[in-house]
Each structure stands twice: as structure tokens, then as C-alpha cells.
Amino acid sequence: MELERPLPRPITPEAQPYWDGLKEHKLMLPKCDDCGKPFFYPRIACPLCHSRRISWIQASGKGKLYSFEIAYRSLSPAFKVKAPYILAMVELEEGPRLMSNLINIEPDPKVITCDMPVEVVFEKLTDEITIPLFQPAS
Ligand SMILES: [Zn+2]
């Protein structure tokens, strides 16, 4: 089966728990043991206090649409998701923001609003890679 989007290639060991979690339909976030703040993307040191004491929490998968853009054509021929589609910056309940696609809603600026509640949907691309997409919260 042809993939609709370029396959992420996890190469950094510090992000492995994120990819492992997605395979089990869990959205995992790194959290600093020193300042207590979750953050995204995964990295070896806390972006807020530079501590290297990092553990992982399971995010609720709920959040709100922080910002969005409707793409009417694809930027790359490798990206075959049918346009128009929605690029979304989602602010998770836990605080961190991540870039994803908003799905299961009309790609129409009249029906999409910033701060609308959204929830994660897991899309399995291969046995190794599942990605988090978001849809309007039910
Ligand atoms: Zn910290």
C-alpha cells in the first residue's frame, strides 16, 4: 500500500518512548523531574531549566486548536494527503504544543475556530510508525 505521507524515521534515542507509546495508542510526553513541566518535542534536556532528569507521562490526548492553516496544495510530491487539508498547532491539556493535522472536519475557515476542543486520533502508517492526528473532540 502506498503511504500518503513521508514516513518519519525515528533516529534519536531520547524520542523512542514517544514512538513506542504511539504504537500502543498512547500519546507520551517527556516531563522534567526537576521543574515538573512536560514539554514537546522530546530532547535530552528540559528546555525550561536544562535538567537532564526526564521521565515520561501519558497525555490525555485532549487539547485545543491553538492555530491552523488550510493547505490547498501539497508542498511536496511525497505528501499525498488530498488537499485541502488542515495543518494544526494543537495545545495539549498538559501544556505543550505540537504540529499535526486536523481531520474529520470540513477544511473550511467558517467551521474551524481557534481554541476549539480537539482530541487525538492514532493513525497507523506501518508496524513501526503510528502518528498522532487530531479531530474535533466528541
Ligand atoms: Zn525542567
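Trainee: How many residues lie between S6 and S7 in their hairpin?
Mentor: The model is a predicted one. Strand S6 covers residues 117-124, and strand S7 covers residues 130-136. The two strands form a hairpin, and the number of residues between them is five.

Trainee: Is strand S7 largely enclosed or largely open?
Mentor: A residue counts as buried when its relative accessible area is under 20%. In S7, six of the seven residues are buried, so the strand is largely enclosed by the rest of the structure.

Trainee: What arrangement do the donor atoms around the zinc ion have?
Mentor: The zinc ion is coordinated by the SG atoms of Cys32, Cys35, Cys46 and Cys49, at 2.3 to 2.4 Å. Four donors count as tetrahedral if all angles lie between 85 and 135 degrees. Here the angles are 103 to 120°, so the arrangement is tetrahedral.

Trainee: How far apart in sequence are the parts tied together by cysteine 35 and cysteine 46?
Mentor: Both cysteines lie in the loop between strand S1 (28-32) and strand S2 (54-58). The pair therefore ties together parts whose separation in sequence is eleven residues.

Trainee: Is cysteine 46 buried or exposed?
Mentor: Cysteine 35, at 32% relative accessibility, counts as partly exposed. Cysteine 46 has a relative accessible area of 1%, so cysteine 46 is buried.

Definitions and conventions: Residues numbered from 1 in each chain as written. Predicted model: local features only at pLDDT ≥ 70, side-chain atom pairs only at ≥ 80, totals over all residues. Heavy atoms only, no water. Donors = N, O, S within 2.8 Å, 3.2 Å for Na, K, Ca; no water. Tetrahedral: all angles 85-135°; square planar, octahedral: opposite > 155°, others 65-115°. Helix = DSSP H or I, 4+ residues; strand = E, 2+ residues; numbered from the N terminus. Buried < 20%, exposed > 50% of the residue type's maximum accessible area, 1.4 Å probe, protein only. Pairing = 2+ DSSP bridges.
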